[in-house]
Amino acid sequence: MQLSCPKCHYPLNHPFSLTIIESECSGCFTHREKDTIDWNFRYEKLEEIIQSYKNHKGKYDCVVPVVGDAEDYFTLLNVLKLGLSPLVVCVNDYFKNDIGWYNLHQLITHFDVDSFTFNPDMRVYKDLVRTSLRKYDHILLPFLQLHTSFPVHVALERKIPLIIWGQNQSVEQVGKFSHLDSTEMSRWSRKQHDLFNFEVDDLIGNGAQVDLRHLNYYQYPDIDKLSRSGVRGIYLSNYIRWDPLAQNQAMTKFGFTPEINTSTFDLYERAGSSVYYHLHDLLKEKRVGYRKVNDHVSREIRHGRLTTEEGKSLLRHYGNNRVYIKPFFDWLGVTKSGYEWFKIHRLGKLEHLICESANELKERDTQRSEIVPTTLEKMLQPGKKAKESFIIFGKGLNI
């Protein structure tokens, strides 16, 4: 029985659902649309859509949700090229290190846009993170719930009619829809593809003991209110030929700073997160049986910068790299004995992948240039040197 795509190695147990079509998966099949679609025509369709939102009666034409990623730079760059006046909205996940904060601030200052950063109540947020970890082996669910709903609340409350997101990951990863379907933001898509079918309601009751009044922004706005207000959310990847690695590398000329990590060859995606390639990546391995490097390998095979065999080599090289997770548990207030219990009883067979000190992280991936093919390595040479260390975790925790 085929357990992964024979072409791009994406596992069939992908949380968005993946199917095999002859000798490739649905993600590879849909990706080939990129070479046949008339992207100039698609961009004209995008211009037609946003024309009615320009010069909106309010100060802002659209909301652009961001985390400070390189993708956000590319998204905002295109929003401004379209002549829109955006309000940039960010939710603090409390996991940014100094690189992450720098990239967010550089995004706002370089493009000279108005911004709004929401800092969720720390007690409520930690309680939800703790429950999400205990029940679902996931530490980012509370943030994802906020990231995918708070900007919609802002648009509704401020009467801003349009929300512009970057990529539609259900299309880009598994080909669940065609680019030509022009799928848009919805409550259903958010739950299925951003929250893995878990709403914030699943984290309360016998889980987090949180007052419902504190969860408004974690929940998607009322559909009837959204419909009456005319708020609409679109994805740029349906109208622009999406190539994350090429796009992200290009964003370094605007001051975006990459970050070297030992869990994948990609220096750009989620640079500046203290947990993404550490505990989050390890828990992903536990939940679905693969790590973030699988996403990157599949993506690069589809874009033609890796062969299927080269992809196998990279998966072997990065698949068992160790991570440092203790700072997260210190931030969460877990005792030393609780931390040891979690490693033994909740991580089990993955315990050997845990570093016991930050010093082990100092041995960076010196073999990358030897293992990554030349074609791809050229895409990993940013205009400025990628940072190899970080200082701040959460609220003032030094590591």
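# Legends to the close-up views

**View 1. The whole chain.** The accessible surface of the chain is about 17200 Å², and carbon and sulfur atoms make up 49% of it. Such areas come from the Shrake-Rupley method with a 1.4 Å probe, and for residues only the protein chains shown count as cover. The model is predicted: local features need pLDDT of at least 70, side-chain atom pairs count only at pLDDT 80 or more, and totals for chains, interfaces and linings use all residues. Residues are numbered from 1 along each chain as its sequence is written, and side-chain values use heavy atoms, leaving out hydrogens and water.

The chain contains 18 helices and nine strands; these are DSSP runs, with helices being H or I of at least four residues and strands E of at least two, numbered from the N terminus. Its C-alpha atoms fill a box of roughly 55 × 50 × 45 Å along the principal axes. For 399 residues, a compact globule would have a radius of gyration near 21 Å, and the 21 Å of the chain agrees with this. That radius is taken over C-alpha atoms, and the globule rule is 2.2 Å times the number of residues to the power 0.38.

Of the 399 residues, 59% count as buried. Buried means under 20% relative accessible area and exposed over 50%, with partly exposed in between (1.4 Å probe, protein chains only). Among contacts in the chain with a separation of 6 or more, 77% join residues 24 or more positions apart; a contact means heavy atoms within 4.5 Å.

**View 2. Strands β4 and β5 with the helix that links them.** Strand β4 (residues 86-91) pairs with strand β5 (residues 114-118) in the parallel sense, over five bridges. From β4 the chain crosses through helix α4 (residues 98-111) to β5, and this β-α-β crossover is right-handed. Two strands pair if DSSP finds at least two bridges between them. Right-handed means that, with the strands pointing away from the viewer, the path from the first strand over the helix to the second runs clockwise. Val-88 has Ser-115 of β5 as its bridge partner.

**View 3. The loop between β1 and β2.** Glu-22 and Ser-23 both lie in this loop, which is set between β1 (20-21) and β2 (24-25). Glu-22 has a positive phi of about 60°, although it is not a glycine. Glu-22 is exposed, at 79% relative accessibility, and Ser-23 is also exposed, with a relative accessible area of 54%. Leaving out residues up to four places away in sequence, Ser-23 touches Pro-6 and Lys-7. From Ser-23 to Lys-7 the C-alpha distance is 7.1 Å, with the two 16 residues apart in sequence.

View 4. Gln-145 sits in helix α6 (residues 141-147) and is buried, at 0% relative accessibility. A polar atom of its side chain lies 3.5 Å from the backbone oxygen of Glu-199. Beyond residues up to four places away in sequence, Gln-145 touches several residues, including Arg-190, Phe-198, Tyr-217 and Tyr-218. Leu-195 is another of the residues that Gln-145 touches.

Leu-195 belongs to the loop between α9 and α10 and is buried, with a relative accessible area of 0%. Apart from neighbours within four places in sequence, Leu-195 is in contact with Leu-141, Leu-144, Gln-145, Thr-148 and Arg-190. Leu-195 and Leu-144 are 51 residues apart in sequence and 6.6 Å apart in space, C-alpha to C-alpha.

**View 5. Val-210 and its contacts.** Val-210 is in the loop between α9 (187-194) and α10 (223-229). At 13% relative accessibility, Val-210 is buried. Not counting residues up to four places away in sequence, Val-210 touches Val-124, Asp-127, Leu-128, Ile-204 and Leu-215. Glu-44 is 47 Å from Val-210, C-alpha to C-alpha, and 166 residues from it in sequence.

**View 6. Asp-137 between two helices.** Asp-137 is placed in the loop between α5 and α6. Although not a glycine, Asp-137 has a positive phi of about 55°. Its relative accessible area is 13%, so Asp-137 is buried.

**View 7. Helix α12 and its cover.** Helix α12 (residues 279-288) is largely enclosed by the rest of the structure, because seven of its ten residues are buried. The buried residues of α12 are Leu-279, His-280, Asp-281, Leu-282, Leu-283, Lys-284 and Val-288. Their cover includes α5 (122-136), α13 (292-302), α15 (326-332) and α16 (336-347). Just after α12, Gly-289 has a positive phi of about 85°.

Note on methods:
Polar contact = N/O pair within 3.5 Å; in protein donor to acceptor, adjacent residues only side chain to side chain.
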